[in-house]
Amino acid sequence: NAIVLPNSVSKNITLGAGMPYLITGVAVIPENITVTLSPGVVMEFQSNWAGIQVDGSLKAVGTPELPILFRPLQYDNPAILPGAWLGLHFTPTSKSSELEYVDISYAGAFYGNFQNTDFSSAIKVDQSVISLKNSVLKNNDKHGVWLVNSPSIIDGVQFLDQPAKGVYVQGNT
């Protein structure tokens, strides 16, 4: 049982905890739109073709007791491997995104083929800025966080069982 989310939103929304939310493709948060996830929200991704592209803002601020979970559908299946879903991609138009007390697992798939690097990490921040604090990234394929010309803040984050780099910085510092 899950609430299936559309592939795009047209207004600011807040998603509350309760049933998991299921993303079946690439969900896009458009420019100038904010999606807020309440503490305890569970976001599940149907396949390695599912992820979130943030052109606007994502506010995912959990608590130590109620973290926000990003994980594949059937996350407890022992056959699940890193790269079971795409990940979070913050584009150059993304602004003011915050992630705190989030748990991101089994992300990092390529979107279509190896030449398309829109995702290919648990979190990719491309020429924008996010704040990622007090979180856990585990069992993700490729990099935990890939920063492309991004002066993002990463503080108090654990990277567990990452096959590549925890944080990959491409350009900038």
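**The aromatic pairs and their surroundings**

Author: Phe45 and Trp85 are both buried, where buried means under 20% relative accessible area, exposed means over 50%, and partly exposed covers the range in between (1.4 Å probe, protein chains only). The model is predicted, so local features need pLDDT of at least 70 and side-chain atom pairs count only at pLDDT 80 or more, whereas totals for chains, interfaces and linings use all residues. Residues are numbered from 1 along each chain as its sequence is written, and side-chain values use heavy atoms, with hydrogens and water left out.

Over the whole structure, a search finds 2 aromatic pairs, a pair being rings of Phe, Tyr or Trp (its six-membered ring) whose centres lie within 6.5 Å, with planes under 30 degrees apart called stacked, over 60 edge-to-face, and the rest tilted. The rings of Phe45 and Trp85 have centres 3.8 Å apart and planes at 5 degrees, so this pair is stacked. Because Phe45 belongs to strand 6 and Trp85 to the loop between strand 9 (68–72) and strand 10 (88–90), the pair ties together parts that are 40 residues apart in sequence; helices (H or I, at least four residues) and strands (E, at least two) are DSSP runs numbered from the N terminus.

The other pair is formed by Trp146 and Tyr168, whose ring centres lie 5.7 Å apart with planes at 40 degrees, so it is tilted. It links distant parts of the chain, with Trp146 in strand 16 (residues 143–148) and Tyr168 in strand 19 (residues 167–170), 22 residues apart. Trp146, at 10% relative accessibility, counts as buried, and Tyr168, at 25%, counts as partly exposed. Above the ring of Trp146 sits the charged end of Lys124, 4.0 Å from the ring centre, which follows the rule that NZ of Lys or CZ of Arg be within 6 Å of the ring centre and within 35 degrees of the ring normal. The charged end of Arg71 likewise sits over a ring, that of Tyr75, 3.5 Å from its centre.

Returning to Phe45, its strand 6 (residues 42–45) runs parallel to strand 3 (residues 21–23) and is joined to it by 3 bridges, and two strands are taken as paired if DSSP finds at least two bridges between them. Within this pairing, Ile23 stands opposite Phe45. Both strands belong to an open sheet of 7 strands with parallel pairing, in the order 1-3-6-9-12-15-18. Strand 1 (3–4) and strand 18 (158–160) stand at the edges with a single partner strand each, so one side of each has no neighbour in the sheet.

Met43 touches Leu5, Leu15, Tyr21, Ile23, Leu37, Ile52, Leu69, Phe70 and Arg71, leaving aside residues up to four places away in sequence; contact here means heavy atoms within 4.5 Å. Met43 and Phe70 have the most contacts inside the largest nonpolar core, which has 36 residues, a core being a set of buried Ala, Val, Leu, Ile, Met, Phe, Trp, Tyr and Cys residues joined through side-chain atoms within 4.5 Å. Strand 13 (residues 121–126) gives the most to this core, with 3 residues. In soluble globular proteins, nonpolar side chains tend to be buried together.

Two of the residues that Met43 touches, Leu15 and Leu37, are bridge partners of one another, Leu37 being in strand 5. Strand 5 (residues 34–37) has Val35 and Leu37 on a covered face and Thr34 and Thr36 on an uncovered one. It pairs in the parallel sense with strand 2 (residues 13–15) over 3 bridges, and 4 bridges join it to strand 8 (residues 57–61), also parallel. In strand 8, Lys59 is the bridge partner of Thr36.

Lys59 also meets Glu98 in a salt bridge (3.1 Å, N to O), that is, a side-chain nitrogen of Lys or Arg within 4 Å of a carboxyl oxygen of Asp or Glu. With Glu98 in strand 11 (residues 97–100) and Lys59 in strand 8, this pair ties together parts that are 39 residues apart in sequence. Glu98, at 34% relative accessibility, counts as partly exposed.
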